[in-house]
Amino acid sequence: MDVNFKYNDPQANDPIYFEQIFAEKPGGGLVVNPGADLPPTSPVGYNSSGKLEAFKCYRLYAAVESTDTTIKIAKGSGVAVGDFIAHGDVAVAATAIDTENEDYDVVTVTLGVDIAADTVLYQSSQASAAATQSTEAVKAAPYLAPVFVLGAPIFAGKGDQLVKLVNGANLRKETANISSELAALIPGIALV
């Protein structure tokens, strides 16, 4: 007997990013077309043109030792060659990316510090002095000064997008797409 039944696999559950939201920009904001798909809780700041722009953070898939020349970053970060990947005051440019593994990207970069797995690194605007062997006191700095986090995902290639912008929330640290350094720069954002 044919009953026209077809089994469909269930969709994966969306991760929980927010524990509590208590402040947001009324009406949200128009965010510049991103270079990569970015999940909720990604940092947002004003660029040099005065427009809101979301930028990248990178969750480590595995621990990093100071002598490692590659790092494993969880899929979905949008990492690209030339991105300055930062942790603390150290930022180094990514020189190559291997995307063959389905769980993580292998990025060629030497940070020179030990970092635990599942730590979130951030996109810097420049390489630090330690990375460039410069005697000038240059430290890693965020790509933009974060003011908000995304309240919903945004997608590359879809133009400027109107999105919910949050500036007061408790974010789940296991899933939040923001580093502790950037979260500390937004007074109302806490990683719990």
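**Exercise 1. Which residues does Val81 touch once its neighbours within four places in sequence are set aside?**

Solution. Start with the contacts: leaving out neighbours within four places in sequence, Val81 meets Ala94, Thr95, Ala96 and Ile97. Contact here means heavy atoms within 4.5 Å. A quick note before going on: this is a predicted model, where local features need pLDDT of at least 70 and side-chain atom pairs count only at pLDDT 80 or more, while totals for chains, interfaces and linings use all residues. Residues are numbered from 1 along each chain as its sequence is written, and side-chain values use heavy atoms, with hydrogens and water left out.

Val81 and Thr95 are 14 residues apart in sequence, and their C-alpha atoms are 5.4 Å apart in space.

Then place Val81 on the chain: it sits in the loop between S6 and strand S7 (84-87). Strands (E, at least two residues) and helices (H or I, at least four) are DSSP runs, numbered from the N terminus.

Last, check the surface. Val81 has a relative accessible area of 56%, so it counts as exposed. The cut-offs are: buried under 20% relative accessible area, exposed over 50%, partly exposed in between, with a 1.4 Å probe and protein chains only.

**Exercise 2. Is Ala94 buried or exposed, and which residues does Ala94 touch?**

Solution. First, find Ala94 in the loop between S8 and strand S9 (96-98). Its relative accessibility is 3%, so Ala94 is buried.

Now list the contacts, not counting residues up to four places away in sequence: Ala80, Val81, Gly82, Asp83, Ile85, Val107, Thr108 and Val109. For Val109, we also have a spacing: Ala94 and Val109 are 15 residues apart in sequence, with 5.2 Å between their C-alpha atoms.

Compare that with Ala93, found in strand S8 (residues 90-93). Ala93 has 26% relative accessibility and therefore counts as partly exposed. Not counting residues up to four places away in sequence, Ala93 touches Gly82, Asp83, Phe84, Thr108 and Val109. As for Ser77, 16 residues from Ala93 along the chain, the two C-alpha atoms are separated by 15 Å.

**Exercise 3. Which residues have the most contacts inside the largest nonpolar core?**

Solution. Begin with the term: a nonpolar core is a set of buried Ala, Val, Leu, Ile, Met, Phe, Trp, Tyr and Cys residues joined through side-chain atoms within 4.5 Å. The largest one has 20 residues, and Phe18, Val149, Leu171, Ile178 and Ile189 have the most contacts inside it.

Next, see who contributes. Strand S11 (120-124), strand S14 (165-171) and helix H2 (180-183) are the elements that give two or more residues to this core. S14 gives the most, with 3 residues.

Apart from this core lies another one, of 15 residues, among them Tyr58, Leu60, Val90 and Ile115.

Now zoom in on Phe18. Not counting residues up to four places away in sequence, Phe18 touches Pro40, Thr41, Val149, Leu150, Gly151, Val166, Ala169, Asn170 and Leu171.

**Exercise 4. Where do Thr41 and Asp118 lie?**

Solution. Take Thr41 first: look in the loop between strand S2 (29-31) and strand S3 (43-46). Thr41 has a positive phi of about 75 degrees, although it is not a glycine. With 0% relative accessibility, Thr41 is buried.

Then Asp118, which is in the loop between strand S10 (104-108) and S11. Asp118 too has a positive phi of about 75 degrees without being a glycine. Asp118 counts as partly exposed, at 41% relative accessibility.

**Exercise 5. How many helices and strands does the protein have?**

Solution. Count 2 helices and 15 strands. The radius of gyration is 18 Å, close to the 16 Å that the globule rule gives for 192 residues, so the protein is as compact as a globular protein of that length. That radius is taken over C-alpha atoms, and the rule is 2.2 Å times the number of residues to the power 0.38.

Next comes burial: of the 192 residues, 39% count as buried. Finally, among contacts between residues at least 6 apart in sequence, 62% join residues at least 24 apart.
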